[in-house]
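Subject: Structure for your review

Dear colleague,

Please find below the sequence and structure that I am handing over to you. My notes on the findings follow directly after.

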Amino acid sequence: MADEGRWPPVYDFGELAEYIQILARADDLAATFWSLAELRDERLPAMCQGDVVELVAGAPVLGEDGQPGVLEDVEHWLVIGNTCDLDRPIDKVPWTQLVPLVDLGSAEELDASRLSQLMRYDAYRGFYVPPWPGGDDHHRLADFLRPVALHRGAVGTLAKSVARMREHSWVLLHSCLVRFLAQDDGRHD
Amino acid sequence: MAEKLMASGYAGLTVGETRMPQRIGYSITGSAGTPLPSDVRPAPVFETGTGRLEPIPGPAEVVRTAGTLIREAAVLPTTEEGNELVDELLSKHTQGLVVRPLERRLKK
């Protein structure tokens with residue numbers, strides 16, 4: 001990935017807090033959240049962490065019998081795989097990771113107080129995803145508990161990015177992923 | 001910070017009959033990869049004198065240190081209300097869904 005297209009890996013606390021405040025203050029979160037730039041930026045990999053990917057496929061899981069199966073068909077996914085890995089040769093790093101986006105419906109279906117709660121990003125296991133430009137008006141929740149491996153051979157052909165985060169929304173996702181993976185359980189207190 | 005720092009601690013390490021003074025040191029272990037935030041100090045480890053670095057005895061302190069750093073780095077607090085809502089929405093969505101077995105490809 002070209003250096004000029006690369007966002008800083010870790011941020012100081014003040015900068016992170018400022019990013020989150022930008023999102024919290026936004027009247028129109030969707031417009032602040034998503035990049036309006038052309039998705040086909042030759043300097044970047046075809047897919048980046050935080051992209052919304054369109055791919056209709058069953059969500060693979062191991063069921064209660066311990067055997068592989070699929071749950072419902074998912075239409076949209078959120079990329080949680082590292083952008084750097086998506087930039088490496090596919091024969092070296094053939095996989096990336098996605099989590100399914102659960103469709104919560106329109107703002108009217110969800111109700112204002114619940115929507116407002118989701119926009120606070122104060123839950124471990126899910127990440128609120130607002131409607132994106134060019135998509136429908138539905139709100140979604142990324143389910144961190146159901147990650148899926150995607151072969152990168154499908155990237156750009158069967159699995160296409162339809163929305164890309166701006167820097168501060170990506171920082172927010174990054175923070176929520178860290179928080180989810182490193183949740184303290186108090187066992188060594 | 002361009003370089004990663006690894007802390008090495010000497011906390012009353014006994015060598016033979018001589019008790020060495022307690023000391024925390026830092027050494028550069030690499031210059032690539034994700035740097036630590038500028039105001040984050042690495043967790044202390046023991047340098048055993050054999051070149052091996054070991055966590056300080058009792059993992060609780062290391063875990064607490066890491067937990068504190070992560071909580072501060074993530075900045076975002078969680079709330080009971082927020083977790084309950086997300087859990088409800090996600091479980092409502094998957095409730096009643098049946099795990100369909102994968103179609104097995106027929107062997108020729």
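Two strands are taken to pair if DSSP finds at least two bridges between them. By that criterion S3(A) and S5(A) pair, since they are antiparallel and joined by four bridges. Please bear in mind throughout that this is a predicted model. For the complex, the predictor reports an ipTM of 0.83 and a pTM of 0.71.

Strand pairing in chain A

Gly126(A) has Asp143(A) in S5(A) as its bridge partner.

In a regular strand, side chains alternate between the two faces of the sheet. Are the faces of S4(A), residues 126-129, covered or open? Both are covered: Gly126(A) and Tyr128(A) are buried on one side, and Phe127(A) and Val129(A) are buried on the other.

The nonpolar core

The largest nonpolar core has 41 residues, and those touching the most other members are Leu78(A), Leu98(A), Val129(A), Leu141(A) and Ala142(A). Two or more residues of this core come from each of the following elements of chain A: strands S1 (52-62), S2 (68-79), S3 (95-105), S4 and S5, and helix H6 (167-181). Helix H2 (80-94) of chain B also gives two or more residues to this core.

Which residues does Leu78(A) contact, leaving aside its neighbours within four places in sequence? They are Val52(A), Leu98(A), Val99(A), Leu101(A), Val129(A) and Ala142(A).

An exposed position in chain A

Glu108(A) belongs to helix H4 of chain A, residues 107-110. Glu108(A) counts as exposed because it has 9 C-beta neighbours inside 10 Å, and the cut-off for exposure is 12 or fewer. Between Glu108(A) and Arg166(A) there are 26 Å in space, C-alpha to C-alpha, and a separation of 58 residues in sequence.

Chain B and its confidence

Chain B contains two helices and seven strands, arranged along the sequence as β-β-β-β-β-β-α-α-β. Of its 108 residues, 8% count as buried. Among contacts in chain B between residues at least 6 apart in sequence, 48% join residues at least 24 apart.

The mean pLDDT of chain B is 60, and 25% of its residues score at least 70. Of the elements of chain B, H2(B) has the highest mean pLDDT, at 94, while strand S2 of chain B, residues 14-15, has the lowest, at 36. The pLDDT is below 50 over residues 1-30 of chain B, a stretch that has 53 contacts in the model beyond near neighbours in sequence. Residues 36-40 of chain B likewise have a pLDDT below 50, with ten contacts in the model beyond near neighbours in sequence.

Yours sincerely

Methods
Residues are numbered from 1 along each chain as its sequence is written. Chains are lettered from A and ligands numbered from 1 in the order in which they are written. This is a predicted model: local features need pLDDT of at least 70, side-chain atom pairs count only at pLDDT 80 or more; totals for chains, interfaces and linings use all residues. A residue is buried if 20 or more other C-beta atoms lie within 10 Å of its own, exposed if 12 or fewer, and partly exposed in between; C-beta atoms are placed from the backbone. Two residues are in contact if their C-beta atoms, placed from the backbone, lie within 7 Å. A nonpolar core is a set of buried Ala, Val, Leu, Ile, Met, Phe, Trp, Tyr and Cys residues joined through C-beta atoms within 7 Å. pLDDT is the predictor's confidence in each residue, from 0 to 100.
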